[in-house]
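Here are a few exercises to work through with the model open. Try each one yourself before reading on to its solution.

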Amino acid sequence: MDKKTKGTFTLRRLFPSLLEDDLIRFQENSSVIRLKKGQNLFISGDTPRSIYGVANGCLKIVRESQEGESVITRIVRAGQIVGIREVFGEFKYGRTSVALKDSEVFSIEKTIVIDLIQRSPAVSMQFMKIFCNELARLEKRIESDLYRPAKNRVASVIFELYNLFADEGAQIFEPPLNRRDIAELADVTPETVSRAIADFKQAGIMETHGSSFTILDTNSLQNEAEER
């Protein structure tokens, strides 16, 4: 396996509670998929054959709207796992996964995962924790949509994109997403995104130039993102 760049997750970091023997079996039966920006990991309608852990980079999960447009439902960061629901639920992917930038993804065969879960309580517990974390994320998203002001939800998305796409110590970054994408992730309208960004500019938190953002006050943006 090639030497990883900073921020890469190893199998041990993806599955911190696994016993060494189980981790070695995962290692022996996994492969690293290298995706270029814009490449698909899986497509809606595919039959799942593996679970995937993002080692480096990030993915977006999209669904097709009734009008045939792609709607972003989630960003998957390094250290997160996708495909568990489809593997265990035994149904086809209902979403498409696309690399937002060059990424490395661990692919672990479905048969190996199920076999280890059946044989090892430690592996079963590890996946129960992953399920619980996923449920907590969904609950947080629902609560955010119900109770948090739209402006704070927009700040949260921009702050996440800043952490994903800005070079270390940089103020300027250019996410591979447009205002409509940000609106979908924040569950607001594009007009609301524009108003929120205008407010952040007036407050001296950020500037924008075309599709690029300049974060002038990271702490204030984080405060807006975390305010409830």
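The exercises below go through a sheet, one of its residues, a helix and a side-chain contact, all in a predicted model.

**Exercise 1.** Work out the strand order of the open sheet and find its edge strands.

*Solution.* Start with the order: the 4 strands run β1-β8-β3-β6, with antiparallel pairing. Now look at the ends. β1 (30–35) and β6 (81–82) each pair on one side only, so they are the edge strands. Next, zoom in on β1, which is joined to β8 (residues 103–109) by 6 bridges. Along that pairing, Ser30 sits opposite Ile108. Finally, check what packs on the sheet: helix α4 (residues 110–119) touches β3 (50–56) and β8, and its direction makes about 60° with that of β8.

**Exercise 2.** Decide whether Tyr52 is buried or exposed, and list its contacts beyond four places in sequence.

*Solution.* First place the residue: Tyr52 belongs to strand β3. Its relative accessibility is 10%, and the cut-off for buried is under 20%, so Tyr52 counts as buried. Then go through the partners. Leaving aside neighbours within four places in sequence, Tyr52 touches Ile33, Leu41, Phe42, Gln80, Ile81, Val82, Tyr93, Val105, Phe106 and Ser107. For a distance check, take Gly79: 27 residues separate it from Tyr52 in sequence, and the C-alpha atoms are 10 Å apart.

**Exercise 3.** Which residues of α8 are buried, and why do they lie on the same side of the helix?

*Solution.* Begin with the helix itself. α8 (residues 190–202) has 13 residues and spans 19 Å from first C-alpha to last, close to the expected 18 Å. Now pick out its buried residues: Thr192, Val193, Ala196, Ile197 and Phe200. They share a side of α8 because they cover an arc of only 135° around the axis. Turn to the face pointing away from that buried side, and you'll find the exposed residues Arg195 and Gln202. As for partners, the buried residues pack against α6 (150–165), α7 (179–186), β10 (206–209), β11 (212–215) and α9 (218–226). Carry on past the helix and you get to Gly204, with a positive phi near 75°.

**Exercise 4.** Classify Glu20 by its relative accessible area and find its polar contact with Arg12.

*Solution.* Locate Glu20 in helix α2 (residues 20–28). Its relative accessible area is 47%, which makes Glu20 partly exposed. Then follow the side chain: a polar contact of 3.0 Å links it to the side chain of Arg12.

Notes
Residues numbered from 1 in each chain as written. Predicted model: local features only at pLDDT ≥ 70, side-chain atom pairs only at ≥ 80, totals over all residues. Heavy atoms only, no water. Pairing = 2+ DSSP bridges. Helix = DSSP H or I, 4+ residues; strand = E, 2+ residues; numbered from the N terminus. Contact = heavy atoms within 4.5 Å. Axes fitted to C-alpha atoms, helices over the stretch in contact; angles between N-to-C directions. Expected span 1.5 Å × (residues − 1). Buried < 20%, exposed > 50% of the residue type's maximum accessible area, 1.4 Å probe, protein only. Arc of directions from axis to C-beta. Polar contact = N/O pair within 3.5 Å; in protein donor to acceptor, adjacent residues only side chain to side chain.
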